[in-house]
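User: I am new to this kind of model. Please show me how to read its features, one at a time.

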Amino acid sequence: MSNIPLLLKVFLLLLALPAVCAEPKQHSLAQSSATSYREKILLDQGWRFYKYPDGSTPDALIYDLRPELISDEDGKAADAEPTAAVAVKADRQVLKPWILPTANAFIANPSQHHQRPAAKAPGADFAFVQADFDDSHWQKVTIPHDWAIAGPFYQGENAAVGGGMGRLPSPGVGWYRHKFQLDKADSAKSIFLDVDGAMSYAMVWLNGHLVGGWPYGYASWRLDLTPYVKVGAANQLAIRIDNPPASSRWYPGGGLYRNVWLTKTDPVHIAHWGTSVTTSDVSTQQATVNLSVEINNDSQQHAELSLVTALYTLDAEDKPSATAVVRLQPQQFQLEAGKKTTVSGSVLLQNPRLWGPLPKQQPHRYLAVTQLVQHGKVIDQYNTPFGIRSLVFDAKKGLLVNGEPVYLQGVNQHHDLGALGAAFNLRAAQRQLEMLQELGANAIRLAHNPPASELLELTDKMGFVVINEIFDNWQRKKTPLDFHLIFDDWSEADLRAFIRRDRNHPSVIMWSVGNEVGEQYTAEAGAAVAKRLHDIAKQEDPTRPTAASMNYAKPDMPFAAVMDSISLNYQGEGIRNAPEYAHLQGIRTAPLYPAFHKAFPDKLIVSSENAAAVSSRGEYLFPVSQGNSAPVADGAGGDPATLQVSSYELYTAPFGSSADKVLASLQQHPYVAGGFIWSGWDYLGEPTPYYQARSSYFGVIDLAGFKKDRFYLYQAWWRPDLPMAHILPHWNWPERLGLVTPVHVFTSGDEAELFLNGVSLGRKKKQPLDARLRWDQVRYQPGELKVQAYKNGKAWAQASVATTAQATALTLTPDRAKIKADGLDLSFVTVKVVDQQGFTVPTAKQQLSFSIEGPGEIVATDNGDAASLVSFASHQRPAFNGLALVIVKAKPGQSGVIKLRVQSKGLTGSQTLIRSH
Ligand code: GAL
């Protein structure tokens, strides 16, 4: 083509834009491509892992010195005031000076860039980083890998890891080693290591050279390996990970718990997270798509380049349309050796298919395929999935997506996947979101750290809106060794990297830069830190509002004024302000929505955390609070002997409010854009009120994925058109014969009549703002409770619970009876303990044992009991209130029939077949 004018060449290339292949489900569609210009290779197999045993002294290759740990402060109240950092004296060599330069790409002011020290980097002589070190006795692992999830759980009062961090062995120092081969053909390439997440203080050596690293465990980051690689040879990667004790208020996981990639590009290439797509003037008739692309010239030569981008529609399976819907004007530019530049363009798209949240809108997506062309040859291709949508944040009407109001029916979600721990798994994350959608949730707040980017692909596809949050602390600490230790050095880089990674996700509507941070308490000084983060966020993305959740700052405090939105944790409905909470110490506020609305009449208000209600699925304790919200206490909703919390769904953390109270309060303040429950699912760690346990009680869904009664309370409220009714408690109370046993009903109807053994116990009507109907004087008799719900006077829904007979058998029900044989896909199998009629025995706690045959494996088991310290890896565990869960995967590449069995003494066992293909 050498005689053809350049523009024509570009045009011919445009015609030949390659089809974009659908990606394997577990992996990111963004940035990946199977072209020869850019290779993104998943480094999942072939890793060796070693962790220093408990009590041993690890190597001295530390990132930095840390304050002495005097107490882990396990069980400290979640809303306790964060405290000042403790100074440490430097008395030995640390590796921090060699790691800090990794942040440079995300530090705006070049004068603040870190220089790599001239001195030889530490560690070069250390055995674990040498290519010839024999690691054959190290554990073989597949990445993502969570080094702590299999346990064992630490037990007892003074355990090395208490309930706050989930009693699992996440702290410690571990090493991962991996060899990869580079061909001669790679000699002209730039080679990068892309780590989606390493928990935490990761430092990377290649072929004995310290390359760099990144301390924040939830960050995604890239290292340029190019100066250290050997082509036509094996390359030895060694990654040291050091997870401090007392560094988190929840279970952080440990190790390389997200994907790790090797990326090869031409030295002249589109930068890491180098594309930014925004949409403007959006309507169903037309929309403008604005694209800006950063290009790096890491070569020694000046480059004459052009950039071409075509837009495709993307279907739900990630398949782009065969032909482009529109193309951006090709752009030509020059780029000097060693420099970078940004090229921007826009295009008008007719009749766009808009992205919007379910259920009222559809989450349509597009794919921008951007090619970099040099001398008429494509030298790089970068794929950017995105959505076309408009967002308006209206202080009175709330969130408008594409002009339509979207009331936020949200939940907070932590990063862990229950029994699977922190190791990211796409199917497990999808299952969490599917159940939240069934609940009626349309919004997720990612508490309190960047998620795996695949999670945002799910929220994009499934039509959720997301508050994406980065930090739980700034300079002041909540636990002795948390992020505050590195905040000053890393917060800018972390925040910029976070926004660049996630800015193209249509589901992300807001950047939250902090949760209940200690800087709320420090007047102007705290507000200045907030302002710095706010400004960085706006520089990176002027299209989305900022937030920082406040559980303490009041409208007249400097902190409250800084962000674009008002993000309230618990303060909206009031903290410790109901009579039941009068005796408690701590933050106490009246309901503050009106005061914030008055002080900031132009700012959107979101209830970023509410409720913090607690319960254990299927546990009911008596007597039952007469009020509609009460703090859990021993003997009042909580049982310190069993470590269980009552599922009457009236009990809360000391600063919380029941779902009933929260929903009523939101309804009374219609200018509030909606709220986020603390929390959607139970999560590992933070087992308020019983820190002897391992996982939280806050979820609407338990850790195993079983619905608590609260699920139906929210579903009734959030999905008023779904005919449903739900009765609590269960009706197996032989010890309560003739005793008052309150019966509560959640229904999307407005009225209901309750029957016990066919006898009416009365018909009750919901009062405005009621989330439940209560029959508090029912005296227990075995038999059947039945409810007939009505709506507008017409029969609407029915439900019943009956006293069961004794347990006689077990059943197994897989959520999916066919799974992919890729070693990643999962079947979640529910085990039920049933009576002879097949009814689940709601109190059953029989010991179960599981076995598997065929090309599958049991990955983990659980039963949702927060107090259970049976390892998730165990093939034996008791049922918890009639249920248990077995998580099964297929062996990679092995199709066939997997047979899962469950047995229990005295019960008829069961088996189920799962096909892998
Ligand atoms: C909040 C905090 C959450 C969680 C919750 C329940 O104060 O922001 O992270 O701790 O309380 O304890």
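**Reading the model**

Analyst: Trp 47 has 1% relative accessibility, so Trp 47 counts as buried; buried means under 20% relative accessible area, exposed over 50%, and partly exposed in between, with a 1.4 Å probe and protein chains only. This is a predicted model, where local features need pLDDT of at least 70, side-chain atom pairs count only at pLDDT 80 or more, and totals for chains, interfaces and linings use all residues. Residues are numbered from 1 along each chain as its sequence is written, and side-chain values use heavy atoms, with hydrogens and water left out.

User: How many aromatic pairs are there?

Analyst: A pair of aromatic rings is described by the distance of the centres and the angle of the planes. Rings of Phe, Tyr and Trp (its six-membered ring) pair if their centres lie within 6.5 Å; planes under 30 degrees apart count as stacked, over 60 as edge-to-face and the rest as tilted. The count here is 43 aromatic pairs. In one of them, the ring centres of Trp 47 and Tyr 176 are 6.4 Å apart and the planes stand at 80 degrees, so this pair is edge-to-face.

User: What angle do the planes of Tyr 714 and Trp 718 make?

Analyst: Their planes are 45 degrees apart, with 5.3 Å centre to centre, and the pair is tilted. Tyr 714 and Trp 718 are about one helical turn apart because they lie four residues apart in helix 9 (residues 709-718). Tyr 714 is buried at 1% relative accessibility, and Trp 718 is buried at 9%.

User: Which residues are around the ligand?

Analyst: A residue is near a molecule if one of its heavy atoms lies within 4 Å of it. Those around the ligand include Arg 249, His 448, Glu 609 and Trp 678.

User: Which polar side-chain atoms lie by an oxygen atom of the ligand?

Analyst: A polar contact is a pair of N or O atoms within 3.5 Å. A polar side-chain atom of Arg 249 is 2.7 Å from a ligand oxygen atom, and for His 448 the distance from a side-chain N or O atom is 2.5 Å.

Technical notes:
A polar contact is a pair of N or O atoms within 3.5 Å; within protein, one must be able to donate a hydrogen and the other to accept it, and residues adjacent in sequence count only if both atoms are side-chain atoms. Helices (H or I, at least four residues) and strands (E, at least two) are DSSP runs, numbered from the N terminus.
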